[in-house]
Amino acid sequence: ISLLVRNKDQRSRDYGNIVSMFRPGHADYPFTEKYGIRDYRGGGRSSGRETIGRVAAGAIASKILNELGISLCAYTKAIGPYVINETEYNYSEISQNSLYMPNNNIAEQAGQYITSLMKETNSCGGVIECIADGLPVGLGEPVFDKLDATLAHAMMSIPATKAFAVGSGFEAAGMTGLEHNDPFYMQGRR
């Protein structure tokens, strides 16, 4: 399989204002220190554009996983202060809005929020949630390549990712063992 994405939206002159300064929260300073090279006209391996290969390969991988009975559903759970409560999820609305949120009303509010930030030359963060269904029991390896560890490694290698959680994530710290344990139950003969 070969993938090619022609980037026609990159213009070196757009980076002229950062010739003599490093961007906060960006890898251009550590890259300069580590490799002794600075190309202010983009980020190279630290550029957000690096993510396109993952997106394209992920689309192909998703089709292969589907053939194996494994399905993925990813969506935007929050943008800035606009967080969708799980009781308000409507998965059929994910593809109906440009923010891929499972609630069109909150997606509209979040979109207006983003527009207002852009007018101020500002930005915000968000939370992406993914549900994987049909995974085989025991996926991963016992020590360093546990499923959670492998997923965390992959997700944290995306340039903009700043946190990763599985299941209850940080909320688990505030729960008792009885609240947090997943009980076993029978479904069919398994």
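This section describes the fold of a predicted model, from the chain as a whole to its sheet, one of its helices and several backbone angles.

The chain contains five helices and three strands, and these elements follow one another along the sequence in the pattern α-α-β-β-α-β-α-α. Taken along the principal axes, the C-alpha atoms occupy a box of roughly 65 × 40 × 40 Å. Of the 190 residues in the chain, 15% are buried. Among the contacts with a separation of 6 or more, 47% are made by residues 24 or more positions apart. The accessible surface of the chain amounts to about 14,900 Å², and carbon and sulfur atoms contribute 56% of this area. With regard to charge, 18 positive and 20 negative side chains are present, and the centres of these two sets are separated by 11 Å.

The three strands form an open sheet with the order S2-S1-S3, in which the pairing is antiparallel. Strand S2 (82-83) and strand S3 (126-133) stand at the edges and have a single partner strand each, so that one side of each is left without a neighbour in the sheet. Strands of a sheet pair through backbone hydrogen bonds, in either a parallel or an antiparallel sense. In this model, strand S1, which covers residues 71-79, is joined to S3 in the antiparallel sense by eight bridges. Two of the residue pairs can be named: Leu 72 has Ala 132 of S3 as its bridge partner, and Cys 73 is bridged to Ile 131, also in S3.

The pairing of S1 with S2 is likewise antiparallel and rests on two bridges, with Ile 79 standing opposite Tyr 82 in S2. These two strands form a hairpin in which two residues lie between them, and Gly 80, located in the turn, adopts a positive phi of about 55°.

Helix H2 comprises the 16 residues 52-67, and the distance from its first C-alpha to its last is 23 Å, which is close to the 22 Å expected at 1.5 Å a residue. Just after H2, the backbone at Gly 69 takes a positive phi of about 80°.

In the case of Tyr 100, phi is near 55°, and the residue belongs to the loop between S2 and helix H3 (104-119). The relative accessible area of Tyr 100 is 48%, and the residue is therefore classed as partly exposed, given that the exposed class begins over 50%. In the case of Thr 121, phi is near 50°, and the residue lies in the loop between H3 and S3. Thr 121 has a relative accessibility of 74% and so counts as exposed.

Technical notes: Residues numbered from 1 in each chain as written. Predicted model: local features only at pLDDT ≥ 70, side-chain atom pairs only at ≥ 80, totals over all residues. Heavy atoms only, no water. Pairing = 2+ DSSP bridges. Helix = DSSP H or I, 4+ residues; strand = E, 2+ residues; numbered from the N terminus. Expected span 1.5 Å × (residues − 1). Buried < 20%, exposed > 50% of the residue type's maximum accessible area, 1.4 Å probe, protein only. Contact = heavy atoms within 4.5 Å. Areas by Shrake-Rupley, 256 points an atom, 1.4 Å probe, with all protein chains shown as cover. Lys, Arg positive; Asp, Glu negative; His and termini not counted. Charge placed at Lys NZ, Arg CZ, Asp CG, Glu CD.
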